[in-house]
Amino acid sequence: MSAPLTYRRILLKLSGEALMGEADYGIDPKVIGRLADEIIEVQKAGVQIGVVIGGGNIFRGAGLAAAGMDRVTGDHMGMLATVMNALAMQDAIERRGGYARVMSAIQIHDVAEDFIRRRAIRHIEKGRIVLFAAGTGNPFFTTDSAAALRAVEVGADLLLKATKVDGVYTADPARHADATRYDTLTYDEVIERKLAVMDTAAIALCRDHGMPLRIYDMTVPGNLMRIMRGEAVGTIVSGD
């Protein structure tokens, strides 16, 4: 008999770069397909799921601003990139027999529903995978902040950040062979040590609302289900 599930409702944050696979731009169909398979597996096991996807595989607002573009314009382009990624994930999920809804923080009625909190919760309760697009709908706020915000708004039990690294390290493990991984951290430790987990606004929001955050390696098949069953995968950030 499989282990009972530890979490009832989760918010999964995927970076746009995660969708590229080994490519330099865009979406790798194999990567998005594997992620869709894992999400559907967890949803069918009884977990209610919301997903926030970044847009860095297409446009990154901060990067465009650094190149001289108006920051607000760049951030709006980044929001549209997240809508494209959310639509791609919706397609991958539905082609595998799952049910998904894209809800956008900016009005784009022909391709997505408006984000309305009560409607989003209703979708989740009905077993639909809700893909939250366009960040918070505001410039200067990252999709990390959007993920923390949506996790709090829909009453998630856990915020997950899927990365290509198996947790949070004392330094970049790709550059520093002596870097060690943290099993647990507090919100304040993340902020004080300036660890590259999420931006400070997202961590502060999690701290203020007691939202636990787990950072894990999405490239290892089955990790998402292991976390749902309570296994200590990656690094957990909480108030303890």
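This is a predicted model: local features need pLDDT of at least 70, side-chain atom pairs count only at pLDDT 80 or more; totals for chains, interfaces and linings use all residues.
Local features need pLDDT of at least 70 and side-chain atom pairs count only at pLDDT 80 or more, whereas totals for chains, interfaces and linings use all residues. Residues are numbered from 1 along each chain as its sequence is written, and side-chain values use heavy atoms, with hydrogens and water left out.

**View 1. The fold has eight helices and 11 strands.** Both kinds of element are DSSP runs numbered from the N terminus: helices are H or I with at least four residues, strands are E with at least two. The C-alpha trace spans about 50 × 45 × 35 Å along its principal axes. Of the contacts (heavy atoms within 4.5 Å) with a separation of 6 or more, 69% join residues 24 or more positions apart.

View 2. Of the 240 residues, 49% count as buried, meaning under 20% relative accessible area with a 1.4 Å probe and protein chains only.

View 3. Gln90 is buried because its relative accessible area is 18%. Leaving aside residues up to four places away in sequence, Gln90 touches Ala100, Arg101, Val102 and Leu131.

Key: Buried means under 20% relative accessible area, exposed over 50%, partly exposed in between (1.4 Å probe, protein chains only).
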